[in-house]
Amino acid sequence: MASDKTNVMRVLEQHKITYKPHEYPHGKDAVDGVSVAELLGQNPDQVFKTLVARGKSGGFHVFVIPVAKELDLKKAAKAAGEKSVEMVHVKELLGLTGYVRGGCSPVGMKKAFPTVFDESVNNVPTVMVSAGKIGFQIECAPADLIKLTRAATAHITTD
């Protein structure tokens, strides 16, 4: 896998964060997160997806939640200090973050946007997020990822 090192992996190494890379079979299109968890034999509660939203203020925010959950836009807005948030269109994702749908990671975006992890991240021994490319995930300690992305944690998923 050394030849397939992603920018996310390089950022983690630069910050001396221990991680475990994972690779899963895929086509050209994004695979839904629950399928990724199944392909990797992982608990879906430990595999998180990265979502990008625009706040009412015009600023962008990153929300990282378990793959089997849905983002609660009202809770996300409150956690981000916004009146409201709406998901950015998939067409905007690459230009905004440097990542494509299905390969979006909270690590190594073009710009460091305010980031909020669902508080359930504190209940898992390790967390998996995209390694910045479809077919690749990284697994590491939640505290390391939260510190690196300067993220907050809050209850941001639907019940």
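Analyst: This is a predicted model, in which local features need pLDDT of at least 70 and side-chain atom pairs count only at pLDDT 80 or more, while totals for chains, interfaces and linings use all residues. Residues are numbered from 1 along each chain as its sequence is written, and side-chain values use heavy atoms, with hydrogens and water left out.

With a salt bridge defined as a side-chain nitrogen of Lys or Arg within 4 Å of a carboxyl oxygen of Asp or Glu, the count comes to five. One of them pairs Arg-54 with Glu-86, at 4.0 Å from N to O. This pair links distant parts of the chain, 32 residues apart: Arg-54 lies in strand E2 (residues 48-55) and Glu-86 in strand E4 (residues 85-87). Helices (H or I, at least four residues) and strands (E, at least two) are DSSP runs, numbered from the N terminus.

Glu-86 is partly exposed at 48% relative accessibility, and Arg-54 is partly exposed at 23%; buried means under 20% relative accessible area, exposed over 50%, and partly exposed in between (1.4 Å probe, protein chains only).

Arg-54 also forms a salt bridge with Glu-92, where the closest N and O atoms are 2.3 Å apart. Here strand E2 is linked to helix H4 (residues 90-97), which holds Glu-92, 38 residues from Arg-54. Glu-92 is partly exposed, at 30% relative accessibility.

A further salt bridge joins Asp-159 and Lys-75, with closest N and O atoms 3.2 Å apart. Asp-159 is in the segment after strand E8 (152-154) and Lys-75 in helix H3 (residues 73-80), 84 residues apart. Asp-159 is exposed at 84%, whereas Lys-75 is partly exposed at 23%. Through shared partners, salt bridges join Arg-54, Glu-86 and Glu-92 into one network.
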